Amino acid sequence: MTFLRFTTVGAAFTLAALTGTGAAHADAPNAAPAATASAASAVPAFTDGYGLTVVPGSTEVHSPTDFTITVTTKQLSGKHKIRILLPAGYDADPGRRWPVTYFLHGGGGTVNDVVAAPALHSDSMITVVPDGGLKGWYADWLMQNTAEGAANWETFHLTQVVPFIDANLRTRADRAHRAVVGLSMGGYGSLHYAEARPDLFGHVAALSGGIDFGMPQVRAAVLATELNLTGAWCAASSSSGSGKCTGFGPYVDSDAIFGSPYPFFDADRVWKAVDPAAPANLAKLSGTGITLYTGNNDIIDVHTEAASKTVKARLDQLGIPSRLVNYGNGASLAPSCDGGHNYGCWAPAFADYVPRLEAAFAAAR
């Protein structure tokens, strides 16, 4: 590893929470306890397909409208969870089809983090929370021979999970009735996925997202996850609520996900190709409902604010409508929000966003 790489990682150490670990999940509760056998019997049965195999007997039922399945795929090593939240009327109205929102969690997080944002459990839509890995970065990794093994997260989500959900649940399977939303690392994922597959998603929201790969601070945060440098934020708390730092999984090469981050001799070409803030990528969002949320009151969201402002300005230049909610120190958003990188801000941000999304779904007949 070069001295330059060590220098970048030093910056990453102080910015590790940009990925969603530590402060990002300080308020995220554990999974709800399993429900009764009668509730389990009400959960829809899922049929294998699109490269996904459901692990028998793996379903975790939290309530009749909140459950988690576990799947395997050749695109990823190991087993991976998908948490699904159904509207209360799903069973009572078997002839109705529903819009779907995909929620992408932050780095170091799990599918259970959705519990910290109750607005996402809506009676007007299905919410799907696929595993994004501790440091998956919603990408098909450049290196597939690391300690993580197979790591094709983008392929898993976009070509497997989405059609699998449409095949097994009563969805409205068109872009006008499908959204992708995420926070922190998942904020990058949501904006990138909306750009990569505008045929799938008609709505996107990124909360405190690492959405400008032109910023060295954002690249440094990715390196921190690759090298498992969790930093002081993770030491204080974690998504499990245990107060113990679990990190980002095994160490992998700092070039494992997007290749070299250094802008010499086009070595960072992958970073530039997938940069959500690149005008060529933003241009693909024409006709997509776009919302950005950020605070600016801690060492992480001061950078997500800069990234969000850049994306907003470039969308304006392209003539593409978007909505940026910069809640600053949080006072304008909710009493629970301190303007930082945490669910005290993200939960009320989703409470603001979801009714707007529901109205957009309803208007798209």
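This is a predicted model: local features need pLDDT of at least 70, side-chain atom pairs count only at pLDDT 80 or more; totals for chains, interfaces and linings use all residues.
**Notebook: pocket and aromatic pairs**

I began with the class make-up of the largest pocket's lining: three nonpolar, five polar and four charged residues.

**Pocket**

I wanted to know where the empty space is. Rolling a probe the size of a water molecule over the atoms shows where empty space is left. The largest pocket came out with a volume of about 220 Å³. Which residues line the largest pocket? I listed Lys79, His80, Lys81, Gly109, Thr110, Val111, Asn112, Asp131, Gly133, Leu134, Glu148 and Trp153. I also looked up which element gives the largest share of that lining, and strand 4 (residues 76-85) does, with three residues.

**Tyrosine 193**

Next I went to tyrosine 193, which I found in helix 4 (residues 185-196). Is tyrosine 193 buried or exposed? Its relative accessibility is 1%, so I put it down as buried; the cut-off for buried is under 20%.

Trp153 was already in my notes, as part of the lining of the largest pocket.

**Aromatic pairs**

How many aromatic pairs are there? I got a count of 15.

I looked at tyrosine 102 with phenylalanine 201 and logged the pair as edge-to-face, 6.3 Å centre to centre with 80° between the planes. Tyrosine 102 sits in strand 5 (residues 100-104) and phenylalanine 201 in the loop between helix 4 and strand 8 (203-207), so this pair ties together parts 99 residues apart in sequence. Both tyrosine 102 and phenylalanine 201 are buried.

Back to tyrosine 193 for its ring. The ring centres of tyrosine 138 and tyrosine 193 are 5.9 Å apart and the planes are at 90°, so I wrote this pair down as edge-to-face. The pair links distant parts of the chain, with tyrosine 138 in the loop between strand 6 (126-130) and helix 3 (153-168) and tyrosine 193 in helix 4. Tyrosine 138 and tyrosine 193 are both buried.

I also noted one aromatic cluster, formed by Trp137, Tyr188, Phe213, Phe258 and Trp271.

**Charges over rings**

Last, I looked for arginines over rings. Arginine 96 lies over the face of tryptophan 98, 3.7 Å from the ring centre. Arginine 170 has its charged end over the ring of tyrosine 90, at 4.0 Å from the centre.

How values were computed
Residues are numbered from 1 along each chain as its sequence is written. Side-chain values use heavy atoms; hydrogens and water are left out. On a 1 Å grid over the protein atoms alone, a cavity is a set of points where a 1.4 Å probe fits but cannot get out, and a pocket is an open set with protein on both sides within 12 Å along at least five of seven lines; lining residues have an atom within 4 Å of a point. Grid points are joined across faces, edges and corners, and a volume is the space filled by probe spheres set on the points. Helices (H or I, at least four residues) and strands (E, at least two) are DSSP runs, numbered from the N terminus. Ala, Val, Leu, Ile, Met, Phe, Trp, Tyr, Cys and Pro count as nonpolar, Asp, Glu, Lys and Arg as charged, and the others, Gly among them, as polar. Buried means under 20% relative accessible area, exposed over 50%, partly exposed in between (1.4 Å probe, protein chains only). Rings of Phe, Tyr and Trp (its six-membered ring) pair if their centres lie within 6.5 Å; planes under 30 degrees apart count as stacked, over 60 as edge-to-face and the rest as tilted. A charge sits over a ring if NZ of Lys or CZ of Arg is within 6 Å of the ring centre and within 35 degrees of the ring normal.
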